[in-house]
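The following questions and answers examine a single protein model.

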Amino acid sequence: MACTQLTFPIFERFDRLIHAITTTRFDGDDPFNLADHVGPAADRAIERRRLLCRRLGLDFSKLTVAEQVHHGRVACVDAANVGRGAEGRSDTIAGCDGLVTAEVYTPLLTLSADCPLVLIYDPRRHAIANVHASWRALADRILTNAVGLMSERFGCQSADLVAAVGPSAGPCCYQVGDDLVQQLPDDLRPFASSEPRRFDLWNACRRQLTGAGLSDANIQTIDLCTICDDRFFSYRRQGSDTGRFALLAALGR
């Protein structure tokens, strides 16, 4: 089977940005699970990460991974912590669900099995954020925090930022309970429909990004539902033992 990976069309005009969204199929390896702690053939996840980096022309030893604990913390990747998590979950950057960097050729990796993975790029300051935007992380303002950290560390201006929201559980399928809705901040509650109760993760991400100052025209949602689309791992469709697909992003020179 041929290599299968996706990119965000909104970033096509930026030749200094490298990124890919993986699916369950990659060069005949199916399922292409990139989590070393769960899912099919998890013992081969690091080998798969090496393959992905090699395909994109990136140095695996610099691959940096967030722990992903469904909170709003975002960490900055620099010379002191580059390469954390490349070899597995035990060495990830602890306690965070998002990473930002201005280091070139330093790939950032986030994993998902229904949660949106969000890429934010500043073409003027040449900096990125790669964020695991689960509903709990959104409730904890993770995208606001990512934009804030890019501003603090790299001098990014919100008006310059371009963002894309990757495949996730879609509003067509993502049924939730009232308890989830009660934990959302007021500005995100309108994205939870009433009957049946479903949560629109895509537009919730868009709302948090525009609230952080991004132009709506600079935000793209890829609108692929992981519960519907079997090209992606899905916790809701397949259960807790499913694998994880990934968003990998790096800055070129």
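Q: Which residues is Asn218 in contact with, leaving aside its neighbours within four places in sequence?
A: The model is a predicted one. In it, Asn218 belongs to the loop between helix 5 (201-211) and strand 10 (219-221). Leaving aside neighbours within four places in sequence, the residues in contact with Asn218 are Ile10, Ala159, Leu161, Val162 and Ala163.

Q: What distance separates the C-alpha atoms of Asn218 and Asp160?
A: Along the chain, Asn218 and Asp160 are 58 residues apart. The C-alpha atoms of Asn218 and Asp160 are separated by 8.6 Å.

Q: Is Asn218 buried or exposed?
A: A residue is called buried when its relative accessible area is under 20%. The relative accessibility of Asn218 is 18%. Asn218 therefore counts as buried.

Q: What is the order of the strands in the open sheet of 5 strands?
A: The pairing within this open sheet is mixed. Its edge strands, each pairing on one side only, are strand 1 and strand 3. Read across the sheet, the order is 1-2-11-6-3.

Q: Which residue of strand 2 stands opposite Leu6?
A: Strand 1 (5-6) pairs with strand 2 in the antiparallel sense over 2 bridges. Gln5 stands opposite Thr22 in strand 2. The residue of strand 2 opposite Leu6 is Ile21.

Q: How many bridges join strand 2 to strand 11?
A: The two strands run antiparallel. Within them, His19 stands opposite Ala249 of strand 11. The number of bridges joining strand 2 to strand 11 is 5.

Q: How many of the residues of strand 2 are buried?
A: Leu17, His19 and Ile21 point one way from strand 2, and these residues are buried. Ile18, Ala20 and Thr22 point the other way and are buried too. Strand 2 is thus mostly covered, with a buried count of 6 of its 6 residues.

Q: Why do the buried residues of helix 1 lie on the same side of the helix, and what arc do they cover?
A: In helix 1 (residues 45-55), the buried residues are Ala45, Ile46, Arg48, Arg49, Leu52 and Cys53. They are placed on the same side of helix 1 because the arc they cover around the axis is only 155 degrees.

Q: Which strands do the buried residues of helix 1 pack against?
A: The buried residues of helix 1 include Ile46 and Leu52. The open sheet has the strand order 1-2-11-6-3. The strands against which the buried residues of helix 1 pack are strand 1, strand 2, strand 3, strand 6 and strand 11.

Q: Which residue with a positive phi follows helix 1?
A: Most residues other than glycine have a negative phi. The residue that follows helix 1 has a positive phi, near 75 degrees, and is Gly57.

Q: What is the omega of the peptide bond that joins Asp30 and Pro31?
A: Most peptide bonds are trans. The bond between Asp30 and Pro31 is cis, and Pro31 is found in the loop between strand 2 and helix 1. For this bond, omega is about 10 degrees.

Q: What is the phi of Asp114?
A: Asp114 lies in the loop between strand 6 and strand 7 (117-122). It is buried, with a relative accessible area of 7%. Although Asp114 is not a glycine, its phi is positive, at about 150 degrees.

Q: In which loop is His126?
A: His126 has a positive phi, near 55 degrees, and is a residue other than glycine. With 7% relative accessibility, His126 counts as buried. His126 is in the loop between strand 7 and strand 8 (127-132).

Q: Which residues does Ser134 touch, not counting residues up to four places away in sequence?
A: Ser134 sits in the loop between strand 8 and helix 2. At 1% relative accessibility, Ser134 counts as buried. Not counting residues up to four places away in sequence, Ser134 touches His70 and Cys115.

Q: Which lining residues are the closest to the centre of the largest pocket?
A: The largest pocket holds about 640 Å³ of space. Its lining has 30 residues, divided into 13 nonpolar, 9 polar and 8 charged. Strand 6, helix 2 (135-139) and helix 6 (235-238) each supply at least two of the lining residues. The closest to the centre are His70, Cys115, His132, Tyr235 and Arg244.

How values were computed
Residues numbered from 1 in each chain as written. Predicted model: local features only at pLDDT ≥ 70, side-chain atom pairs only at ≥ 80, totals over all residues. Heavy atoms only, no water. Buried < 20%, exposed > 50% of the residue type's maximum accessible area, 1.4 Å probe, protein only. Helix = DSSP H or I, 4+ residues; strand = E, 2+ residues; numbered from the N terminus. Arc of directions from axis to C-beta. Contact = heavy atoms within 4.5 Å. Pairing = 2+ DSSP bridges. 1 Å grid on protein atoms, 1.4 Å probe; cavity = no way out; pocket = protein on both sides within 12 Å on 5 of 7 lines; lining within 4 Å. Points joined across faces, edges and corners; volume = space filled by probe spheres on them. Nonpolar A, V, L, I, M, F, W, Y, C, P; charged D, E, K, R; others polar.
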